[in-house]
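User: I would like to go through the terms used for this model one by one. For each label, set the value against its cut-off.

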Amino acid sequence: MDEKSGTVSEINALLHNLLSESDIEVKPVLISTRNNGFITRIYPVLSEFNYLLVKTTVGGKDYLLDASDKDLSFGEIPFRALNQYGRLLDFKGKSDWIDIKPEYPSVTQQRAVISLNDESDKFDGTLSREPLATIP
């Protein structure tokens, strides 16, 4: 903590422990990131999981939390973590599969401005990409 560094799992385990110590019910969720691929749901193997999220319920609504990205709002998880499903661990009961999906779609606008250079017979242009606000 003093060095303000750690892996995603370490940071989110710390979040889990801090919320738990504050009497907020939390459960860890193991997932596989998009780059890591899908988990075999029939026979999941621990080595297929490479990311840890924290699930909590506030006001009757479930939230997945990730403290590893300071730019995320409460209840948002990074794009890399959106990979269909994860394994919710309940050490007092049984574990279950849960769906991982964004609450609101995000929209990105891409624009290309291309022109033909008559002298060199080559295309010149620019490509821009800007995120539009997510739908609240």
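User: What makes the contact of Asp96 and Lys94 a salt bridge?

Analyst: A salt bridge is a side-chain nitrogen of Lys or Arg within 4 Å of a carboxyl oxygen of Asp or Glu. In this predicted model, the side chains of Asp96 and Lys94 meet at 3.6 Å, N to O, so the pair qualifies under that cut-off.

User: Why is Lys94 called exposed, and what is Asp96 called?

Analyst: Buried means under 20% relative accessible area, exposed over 50%, and partly exposed in between (1.4 Å probe, protein chains only). Lys94 has 60% relative accessibility and therefore counts as exposed. Asp96 has 32% and therefore counts as partly exposed.

User: What are the closest N and O atoms of Lys55 and Asp62 apart, and is Lys55 buried or exposed?

Analyst: They are 3.5 Å apart, and the two residues form a salt bridge. Lys55 is at 16% relative accessibility, so the label is buried. Asp62, with a relative accessible area of 47%, is partly exposed.

User: How many salt bridges does the structure hold, and which parts does the pair of Lys27 and Asp90 tie together?

Analyst: The structure holds four salt bridges. In one of them the side chains of Lys27 and Asp90 meet at 3.4 Å, N to O. Lys27 lies in strand S1 and Asp90 in the loop between S4 and S5, so the pair ties together parts that are 63 residues apart in sequence. Asp90 is partly exposed, at 23% relative accessibility. Glu25, Lys27 and Asp90 are linked in a network of salt bridges.

User: How do you know that strand S1 and strand S4 pair?

Analyst: Strands are DSSP runs of E with at least two residues, helices are runs of H or I with at least four, and both are numbered from the N terminus. Two strands pair if DSSP finds at least two bridges between them. S1 (residues 26–31) and S4 (residues 84–88) have two bridges, in the antiparallel sense, so they pair by that rule. Leu30 has Arg87 in S4 as its bridge partner. S4 also pairs with S5 (residues 96–100), antiparallel over five bridges, and Tyr85 stands opposite Asp99 in S5.

User: Which classes of residue make up the lining of the second largest pocket?

Analyst: Ala, Val, Leu, Ile, Met, Phe, Trp, Tyr, Cys and Pro count as nonpolar, Asp, Glu, Lys and Arg as charged, and the others, Gly among them, as polar. By these classes the lining has five nonpolar, two polar and four charged residues. Among the lining residues are His16, Ile24, Glu25, Lys27, Asp90 and Phe91. S1 gives the most to the lining, with three residues.

User: What is the confidence in the chain, and on what basis are the values given?

Analyst: The predictor's confidence in each residue is pLDDT, from 0 to 100. The chain has a mean of 86, with 94% of its residues at 70 or more. Local features need pLDDT of at least 70 and side-chain atom pairs count only at 80 or more, while totals for chains, interfaces and linings use all residues. Residues are numbered from 1 along each chain as its sequence is written, and side-chain values use heavy atoms, with hydrogens and water left out.

Conventions
1 Å grid on protein atoms, 1.4 Å probe; cavity = no way out; pocket = protein on both sides within 12 Å on 5 of 7 lines; lining within 4 Å.
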